[in-house]
2 protein chains.
Amino acid sequence: VTERVGVAQIRATAGMRPGTEIGIGDDAAVLALGERSLACHDILIEGVHFRRETTSLEAIGRKAVAVNLSDIAAMGGVPRAMLVGLTIPEHDFGADDLAALYAGIEGAAAAHEVTIAGGDTTSGPVLALGVTMLGALPPGCPPLTRGGARPGDLLCVTGPLGAAAAGLMLLEGAADPDRVADARTLIDAHVAPEARLVEGRALAMYGAHAGLDISDGLALDASRLAAESGLGAVIDLDAIPIAPGVVEVARAVGVDADVLAATGGEDYELLAAIPPGRVAPIARRLPRSLTPVGRLRTGAGIELHRGGRPVSVPSLGWERP
Amino acid sequence: VTERVGVAQIRATAGMRPGTEIGIGDDAAVLALGERSLACHDILIEGVHFRRETTSLEAIGRKAVAVNLSDIAAMGGVPRAMLVGLTIPEHDFGADDLAALYAGIEGAAAAHEVTIAGGDTTSGPVLALGVTMLGALPPGCPPLTRGGARPGDLLCVTGPLGAAAAGLMLLEGAADPDRVADARTLIDAHVAPEARLVEGRALAMYGAHAGLDISDGLALDASRLAAESGLGAVIDLDAIPIAPGVVEVARAVGVDADVLAATGGEDYELLAAIPPGRVAPIARRLPRSLTPVGRLRTGAGIELHRGGRPVSVPSLGWERP
């Protein structure tokens, strides 16, 4: 599988969407992203972030795009163009496999009007996708950073948590999917996350002080937001909205459902620090729920509370390898 | 080696340079790149593009930046910010190794006033660097694309060729460095290429019709430029400037020096299509030589000529795996 095959295949499917003047095939893409642009890069690599035994290549392609879209969402931006860095396994990876991978990548790009504007393809020992997403900030909209929270801000999440972590447990065989009614939905939450782009723009535009996407677990990501803002945080386990089916999986594997929801990774909901008076007005602009789950305070570090008292957990979330 | 180590290490060294409003550490970087920005992504992976046995980690880091700078140069742009996607070997890669790699990356970034504005670090079976370079087009300057050449344009190169290919032969033991006077210079050409940024801007600004960087060999890259322009091309082997020492290495391995210079990869000089009347005016603006080595013509395909007659070569250049 040479670069020429890769580029030819991408070219055949890559539409030119708004923001791209010169797309794939030249030395660099030429983009018109407005006054302030956004750029992020996330890698998915076989054996660390996914296994081909449990996840289809199309889903892997979609997810590599989705996790980067989520980072644009977490800044309040609009995705415009992306560069795809592909490492294709030297063995055991045919033209059909490549086509399935591209179908996922291009499908996710098309769904969000993102141009595949370039990239690189090489061979290597395992499948790896390094996606760079480029976006724009709407004119007049401040970026939603991690560092702007103030003491007293409420920590709010844009949807229920724990589904992706429970789905991974089902995929990995830690619990039996046949005994969980919502198994398919949970597995989809892990395999096919959706970036909260509408939510991110509303949070940035209507007064959230800070925000990020929950990739490694609510508690861990909340601790990052707090640290970047020079503050501490409290998470109220009782307040966390728990996705359907998570309780069953948590019981099967012997963990508390609220802890699973608080520390499981890859939900890709947004976590925002919002002054109390702005929560209801922002919630009215969102297509989905906005739930307060904690608050910022002076000091440092993060505490999880249950029934009003601090509880300790083995880990705050997923530390990326 | 966790992401936290990686980010902390990059943060400790990453300067905030012009064009970056929010750099590393948030969900995405916020950049101000002007009306039209440039974006490219190139991967270097162990076993395909380099071997740690022959190349220092600092040099590998520098080169991963340089090959991307070269793509910005080839569009006539100014590099501004980059995202670094690192895959760190699971075994046999310590904190000292990571520091050496970063020293190379950050050194190359600093030398060109490029901000390391983000990225991702993961573990994997082999070392891999996926660098995204973001740049700006100077106001009023058209991008130097591959597709703008016209029949009669001269194909010109910004410096002597063949050094990087000869250097790789020395590194790989195909020829004995102790018997080549310029061995160190040739190896450096392979290990530490320099992007022709000044040359690229002058070519774009002062009337070149098309251009690209010679990454895979003059003949192969010329054929790409010609194809993108809907034309054919002739390369005159007798006209190619051959880097010092290439003749000795070519003799040692039993190939023609002019063929090695015409088909060897990774010189990262620029190849431009220039109307004959513009060659001298552009050459006066360049700090280095500008040498006509062929011309564009109607039709398709590429011919190599020696002594005015077509010659055939086994391969036009390096087809990337």
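**The interior of the model**

Modeller: In chain A, 84% of the contacts (heavy atoms within 4.5 Å) between residues at least 6 apart in sequence join residues at least 24 apart. The model is predicted, so local features need pLDDT of at least 70 and side-chain atom pairs count only at pLDDT 80 or more, while totals for chains, interfaces and linings use all residues. Residues are numbered from 1 along each chain as its sequence is written, chains are lettered from A and ligands numbered from 1 in the order written, and side-chain values use heavy atoms, without hydrogens and water.

Chain A has ten helices and 13 strands (DSSP runs numbered from the N terminus, with H or I over at least four residues for helices and E over at least two for strands). Its radius of gyration, 20 Å, is close to the 20 Å that the globule rule gives for 321 residues, so chain A is as compact as a globular protein of that length (C-alpha atoms are used, and the rule is 2.2 Å times the number of residues to the power 0.38). Along the principal axes, the C-alpha atoms of chain A fill a box of roughly 60 × 50 × 30 Å. Of the 321 residues in chain A, 60% are buried (under 20% relative accessible area with a 1.4 Å probe and protein chains only; exposed is over 50%, partly exposed in between).

The structure holds seven cavities of 30 Å³ or more (sets of points on a 1 Å grid over the protein atoms alone where a 1.4 Å probe fits but cannot get out, with lining residues having an atom within 4 Å of a point). The largest cavity has a volume of about 180 Å³ (the space filled by probe spheres set on the points, which are joined across faces, edges and corners). Its lining consists of 20 residues, and A:T87, A:A128, B:I43, B:T87 and B:A128 lie nearest its centre. Both chains contribute: β3 (37-45), β4 (78-89) and β6 (128-136) of chain A, and β3 (37-45), β4 (78-89) and β6 (128-136) of chain B, each supply at least two lining residues. The lining comprises twelve nonpolar, eight polar and no charged residues (nonpolar: Ala, Val, Leu, Ile, Met, Phe, Trp, Tyr, Cys and Pro; charged: Asp, Glu, Lys and Arg; polar: the others, Gly among them).

The second largest cavity has a volume of about 60 Å³. Residues including B:H49, B:F50, B:K63 and B:H190 line this cavity. Helices α2 (57-73) and α5 (183-191) of chain B each supply at least two residues of that lining, and α2(B) gives the largest share, three residues. Five nonpolar, three polar and one charged residue make up the lining of the second largest cavity.

In α4 of chain B (residues 163-171), seven of the nine residues are buried, among them B:G167, B:L170 and B:L171. After α4(B) comes B:G173, with a positive phi near 85 degrees.

Elsewhere in chain B, B:H305 lies in strand β12 (residues 302-306) and counts as buried because its relative accessibility is 15%. Its side chain forms a polar contact of 2.7 Å with that of B:E303 (N or O atoms within 3.5 Å, one able to donate a hydrogen and the other to accept it; residues adjacent in sequence count only if both atoms are side-chain atoms). Leaving aside residues up to four places away in sequence, B:H305 touches B:V234, B:I235, B:D236, B:L237, B:D238 and B:P310.

Notes:
1 Å grid on protein atoms, 1.4 Å probe; cavity = no way out; pocket = protein on both sides within 12 Å on 5 of 7 lines; lining within 4 Å.
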